[in-house]
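Dear colleague,

I am passing on the structure below for you to look at alongside these notes. Please keep it open while you read.

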Amino acid sequence: MKPNKNKPLEIQSSYVFHDQSSTYGQVNFNAYQHTLFLQSIYRVQKLNHDLIAGISLKSNIYDDNSILTRSNLDSSKTKIRSDIIPGIFIQDDWKFNNRWKLLLAMRFDYDFNQGLILSPRTSLQFKANQQTQYRLGKP
């Protein structure tokens, strides 16, 4: 995403609906999933730094007829899985010169089933020419 100096605050959203009905040999598989993602980003450019901070919210509703989603009380019924995952993140994209750039980022998400999820990100980029770039990092 390219920075927009006139709009340092951005709101992003997406919604995906997936409905599947398949047959594998004699086995029928039916599933549906609703995923909503909302994110607010605040961007500031200072000297050689492009700083980004934001908050996010992901809502996921999923059900299928597999053994993994069967109800503990009645194995003929499935239980709908519903997750809400809030998150916060910060990122610094530091440009040393026209050829070298360092990206440092940290994301914190909270899954109510799995707890706190930390996602660090680092990347060192070297731009050899207009067509060739090399990256070393951890996504």
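In which strand is Ser82 found? Ser82 lies in strand S4, residues 81–95, where strands are DSSP runs of E of at least two residues, helices are runs of H or I of at least four, and both are numbered from the N terminus. Please note that this is a predicted model, in which local features need pLDDT of at least 70 and side-chain atom pairs count only at pLDDT 80 or more, while totals for chains, interfaces and linings use all residues. Residues are numbered from 1 along each chain as its sequence is written, and side-chain values use heavy atoms, with hydrogens and water left out.

To stay with Ser82, this residue is exposed, with a relative accessible area of 51% (exposed means over 50%, buried under 20% and partly exposed in between, with a 1.4 Å probe and protein chains only). Leaving aside residues up to four places away in sequence, Ser82 touches Asn60 and Ile61, a contact being heavy atoms within 4.5 Å. Ser82 and Thr122 are 40 residues apart in sequence, and their C-alpha atoms are 32 Å apart in space.

As for the whole chain, there are seven strands and zero helices. The C-alpha trace spans about 60 × 30 × 25 Å along its principal axes, and buried residues account for 24% of the 139 residues. Among contacts between residues at least 6 apart in sequence, 41% join residues at least 24 apart.

One backbone detail deserves a look. Leu47, in the loop between strand S2 (27–46) and strand S3 (49–64), has a phi near 50°, which is a positive value in a residue other than glycine. Most residues other than glycine have a negative phi. Leu47 is also exposed, with a relative accessible area of 88%.

Finally, the second largest pocket has a volume of about 210 Å³. A pocket here is an open set of points on a 1 Å grid over the protein atoms alone where a 1.4 Å probe fits, with protein on both sides within 12 Å along at least five of seven lines, and lining residues have an atom within 4 Å of a point; the volume is the space filled by probe spheres set on the points. Its lining includes Lys95, Arg99, Trp100 and Gln133, and strand S5 (100–111) and strand S6 (115–127) each supply at least two of the lining residues.
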